[in-house]
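The structure comes next, followed by the notes.

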Amino acid sequence: MSAPTTAPADSQWFALHTLSGQENKVKNYIERFKKAEELEDSIFEVLLPTEVVSEVKGGKKSTKVRKLYPGYVFIQMRLYGEDGKVINKPWYFVKEVAGVIGFVGGDHPAALRQSEIDEIRARIEAANGKEVPKVQYSVGEEVKITDGAFANLTGRIDEIDPDRGKLKISVSIFGRFTPVELEYWQVQRNTE
């Protein structure tokens with residue numbers, strides 16, 4: 001993620017509606033061509049909030065990047081002149097990017113409030129460096145252990161530590177419940 005440039009006070013954040021799966025292309029295109037189109041004084045930052053999600057398929061752990069707001073890209077730009085009218089050059093440049101459906105709000109998009117952008121940035125920050133399990137578990141739920149020394153045993157979730165991505169599970173071994181700490185991806189829902 002590029003460092004935010006110091007944008008002028010008259011720049012605002014807008015939401016762009018994009019075709020599903022085209023968000024990265026839209027972001028990269030705008031970032032790459034804003035200089036060539038001499039729009040660096042109109043377009044400042046393009047934001048595509050994501051998080052890393054982990055799941056296990058066939059006993060293999062995989063991670064992928066998931067978009068926090070699928071179908072949307074956020075752009076900080078100077079869209080309106082001092083007269084309150086849309087500035088044509090950045091308006092048409094952004095609208096013509098392949099994959100862009102249009103500005104949220106149509107022909108007169110309203111800027112996002114600073115609190116909304118702060119909330120989006122907080123979500124990005126919270127997701128930064130953490131893997132989020134694709135499946136959410138709850139305390140008391142029965143799960144089957146799929147990996148490690150206790151593979152194929154079932155247990156009950158006693159505690160969930162989302163910050164560390166760990167579960168504390170009670171497993172019955174020789175008739176006694178023993179607490180075991182496992183990662184999210186080492187268990188699966190008990191579907192029996």
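## S170 and its surroundings

S170 touches G155, R156, D158, F177, T178 and P179, leaving aside residues up to four places away in sequence; contact means heavy atoms within 4.5 Å. S170 lies in strand β10. Its relative accessibility is 8%, so S170 counts as buried (buried is under 20% relative accessible area, exposed over 50%, partly exposed in between, with a 1.4 Å probe and protein chains only).

## Basis of the model

The model is predicted: local features need pLDDT of at least 70 and side-chain atom pairs count only at pLDDT 80 or more, while totals for chains, interfaces and linings use all residues. Residues are numbered from 1 along each chain as its sequence is written, and side-chain values use heavy atoms, with hydrogens and water left out.

Strands β10 (residues 166-173) and β11 (residues 176-183) run antiparallel and are joined by eight bridges. Strands are DSSP runs of E of at least two residues, helices are runs of H or I of at least four, and both are numbered from the N terminus; two strands pair if DSSP finds at least two bridges between them. I169 has V180 in β11 as its bridge partner.

Two residues lie between the strands of this hairpin, and F174 takes a positive phi near 50 degrees.

## D83

D83 sits in the loop between β5 (72-77) and α2 (88-95). With a relative accessible area of 57%, D83 is exposed. The side chain of D83 reaches the backbone nitrogen of K85 at 2.9 Å.

K34 is 49 residues from D83 along the chain, and their C-alpha atoms are separated by 24 Å.

How values were computed: Polar contact = N/O pair within 3.5 Å; in protein donor to acceptor, adjacent residues only side chain to side chain.
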